[in-house]
Structure formats: structure tokens, C-alpha cells
Amino acid sequence: DLWFNMTFRYIGPQLSPVLNTYLDGDPFSDPDFTVDPVFLVNAGFRVEKLKGLSLDVRIYNLFGTSYPQGGSTVFPYPQEGRWFRVEVGYRF
């Protein structure tokens, strides 16, 4: 009736060329720019059969790690920090 979940996720370094933008008002390009790798941890638990009720709590990015995602964009996109999801269910 009690479930625990923990997920570990490693995102390796990503090439994220920065092209045709500005840095402190000056034109800037760095075609070899790479975002750093990141290690993320998610955790949660679920309790069932509480007189028909269930409770599911999840925490994503448990340690609130700040990191960007790279790729072929003008600049790396910052990603979400820590966030929570709580779900309450009832079985009829």
C-alpha cells in the first residue's frame, strides 16, 4: 500500500552554438559553446487504500539544480527548478 520512487537522470554536455547575438551590447558568437552536464534526482511516494483514498506526491529536480538545455537554438534555454505535484484520488 506504500510505494516509493526515486529517479536519477544524467544529461551529458551538449553542444549549443551561440550565433549572431549580443553580449553586453557587443556582437557575440561562440560556435563551439557547450552547456555543462547535469545530474538530476526526482523522488516521490504513493499511499493507497486510505479508506478509498490515495495520495501521490512527486518532487521533480529534488535539489533545485539550475541548468540550461542546449541544442541548435540562439542561446541555451534555462530549465525549471524544483517543482512539486500532489495528486489525491478516490476509488468508487
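The model I am reading is predicted.

Next I looked up the partner of Glu87. Its side chain meets that of Arg85 in a salt bridge, at 3.9 Å from N to O. I noted that this falls within the 4 Å cut-off for a salt bridge. Arg85 is also partly exposed, with a relative accessibility of 31%.

I then followed Arg85 to Asp56. These two side chains form a salt bridge as well, with an N to O distance of 3.6 Å. The pair joins distant parts of the chain: I found Asp56 in strand 7 (residues 53-60) and Arg85 in strand 10 (residues 83-90), 29 residues apart.

Is Asp56 buried or exposed? I read a relative accessible area of 5% for Asp56, so the residue is buried, the limit for that class being under 20%.

Asp56 has a further entry in my list. Arg58 makes a salt bridge with Asp56, and their closest N and O atoms lie 2.8 Å apart. I checked the burial of this pair, and both Arg58 and Asp56 are buried.

Which residues does the network of salt bridges link? I wrote down Arg46, Glu48, Asp56, Arg58, Arg85 and Glu87.

Last, I recorded the total from a search of the whole structure, which is six salt bridges.

Technical notes. Residues are numbered from 1 along each chain as its sequence is written. This is a predicted model: local features need pLDDT of at least 70, side-chain atom pairs count only at pLDDT 80 or more; totals for chains, interfaces and linings use all residues. Side-chain values use heavy atoms; hydrogens and water are left out. Buried means under 20% relative accessible area, exposed over 50%, partly exposed in between (1.4 Å probe, protein chains only). Helices (H or I, at least four residues) and strands (E, at least two) are DSSP runs, numbered from the N terminus.
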